[in-house]
Amino acid sequence: MASKPVLVVVWVIVFYFLFDVGTSFYKDNLLFRTMTNDPNERSKLVIGPRVWTMILGVVTSAFTAVLVAVNEHVGNYHDSFAILITGIVGAAMVLSLIGWFLVKEKHSVQEEEAEPVKFKDFFLLFKENKPMVVYYLKGIFSGFIWSLIFATPAYYIKWGFCTDLTTGVTNMEQYGVLNGISSMMMLIPLLVGAVIGRPLLKLFKNNPIKMTCFLLVVQSVGGVVLFITQMAGLLANVPALFFVTLFIMAVGVGTDFVPQSMVEMEIMDYNIYKTGKDRSALTMVVGGFIVKAQAALSAAIIGAVLMSIGYNVDPITSEYMGELSQIPTMLNWFIVIMGLVPAILGVLSALILRTYPIKDDERRKIRECLDHRNAG
């Protein structure tokens with residue numbers, strides 16, 4: 001099947017579609033918003049699932065090292081990758097089914113018949129919910145930061161730290177170790193960020209917008225440091241600097257999860273406060289569409305950039321097929337992708353977010369309105 005491009009395309013489209021349908025139905029912030037109006041309690045609720053997700057991410061961060069070990073017995077990286085992925089997905093399926101059967105609902109909530117959502121409500125949402133428009137406009141830019149930061153570290157590590165530029169031979173064992181370190185240096189901050197997000201939000205007096213702007217600046221500073229040190233010829237000679245900078249940028253991304261969740265729930269609250277209608281799921285649809293579109297576009301952009309800079313490796317041996325003299329230039333482009341571009345996007349996102357219309361006074365009014373509504 002892999003030898004026929006048409007069948008490969010059909011395979012990818014069908015199963016990615018099924019995967020996306022399943023994941024798109026999971027929107028935990030919709031549940032958390034209805035459980036409490038208090039921002040402190042909401043920030044507590046979002047921590048547990050996030051921490052568990054990050055723990056699993058840390059466990060799987062040694063993927064490359066395991067892949068190299070599997071390939072020692074298989075002798076083909078394409079097949080080794082398929083075998084390893086099948087094992088991981090199979091284990092995830094078993095755990096998911098166990099969790100599914102453990103769910104025991106004690107009662108079913110009987111709700112009054114609500115006004116059905118109409119197609120025009122989608123367009124009215126953009127007119128009536130200005131906070132949503134500003135926040136998701138910011139997300140159009142900031143949503144690429146995560147993808148770009150994680151797009152090329154593995155490539156840079158392989159060709160910058162583990163490859164002899166005179167022969168083009170890569171030390172795969174060293175690559176596996178350093179790539180594992182890179183994954184840990186990026187995933188652990190996401191775990192740490194989820195834990196410190198709530199106390200940090202208190203330092204910003206429960207203002208998620210100010211906190212997010214600060215974190216975007218942190219990410220931008222990290223990207224600028226990566227770019228400057230690469231252009232100065234320091235980065236390739238100091239691997240510790242590369243890892244520490246990625247760590248700082250990942251802390252900024254990971255910690256933003258808490259204020260991001262708070263803003264998403266605040267956007268839902270605002271629609272009820274302003275219009276009297278609960279269109280929470282519809283606001284999540286808008287955000288989900290942006291995320292999905294960015295994921296697809298990010299992959300396409302990164303692939304196009306890799307092709308444009310002449311990145312070409314043998315799928316069997318994983319050896320570089322281009323001119324070895326082009327590798328230093330290729331490394332510069334990797335840092336542009338994971339450093340300079342995210343820095344620019346972070347600054348643009350922070351500037352857009354400064355126009356967010358909900359201030360502390362109105363935030364208190366929204367909460368009072370919802371508390372009164374729930375009490376009534």
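I began just after helix H9, where Lys205 takes a positive phi of about 55°. I note at the outset that this is a predicted model.

I then turned to H9 itself. The helix covers residues 172-203, which makes 32 residues. From its first C-alpha to its last I read 45 Å, close to the 46 Å expected at 1.5 Å a residue. I looked next for a bend and found one of about 45° at Gly197.

My next entry concerns cysteines. How many disulfides does the count give? The count comes to zero disulfides. Cys162 has a relative accessible area of 4% and is buried. Cys213, with a relative accessible area of 14%, is buried as well; I class Cys213 this way because its value falls under the 20% limit.

In soluble globular proteins, nonpolar side chains tend to be buried together. Here the largest nonpolar core has 41 residues. Which helix supplies the largest share of this core? Helix H14 (residues 327-353) does, with nine residues. The residues with the most contacts inside the core are Tyr156, Ile157, Leu226, Phe242, Phe334 and Met338.

I followed Tyr156 in detail, leaving aside its neighbours within four places in sequence. Tyr156 is in contact with Phe161, Gln230, Leu235, Ala236, Phe242, Leu331, Phe334, Ile335 and Met338. I also noted a second, separate core of 20 residues, which includes Met132, Ile209, Ile272 and Val286.

Two further residues were looked up one by one. Thr245 lies in helix H11 (residues 239-255). Is Thr245 buried or exposed? Thr245 is buried, with a relative accessible area of 4%. Not counting residues up to four places away in sequence, Thr245 touches Gly222, Val225 and Leu226. I had already listed Leu226 among the residues with the most contacts in the largest core.

Glu266 is found in helix H12 (residues 257-275). I wrote down 8% relative accessibility for Glu266, and Glu266 therefore counts as buried. Which residues is Glu266 in contact with, leaving aside its neighbours within four places in sequence? They are Arg42, Tyr356, Ile358 and Arg363.

Technical notes:
Residues are numbered from 1 along each chain as its sequence is written. This is a predicted model: local features need pLDDT of at least 70, side-chain atom pairs count only at pLDDT 80 or more; totals for chains, interfaces and linings use all residues. Side-chain values use heavy atoms; hydrogens and water are left out. Helices (H or I, at least four residues) and strands (E, at least two) are DSSP runs, numbered from the N terminus. The expected span of a helix is 1.5 Å times one less than its number of residues. The bend at a residue is the angle between axes fitted to the seven residues ending there and the seven starting there. A disulfide is a pair of cysteine sulfur atoms within 2.5 Å. Buried means under 20% relative accessible area, exposed over 50%, partly exposed in between (1.4 Å probe, protein chains only). A nonpolar core is a set of buried Ala, Val, Leu, Ile, Met, Phe, Trp, Tyr and Cys residues joined through side-chain atoms within 4.5 Å. Contact means heavy atoms within 4.5 Å.
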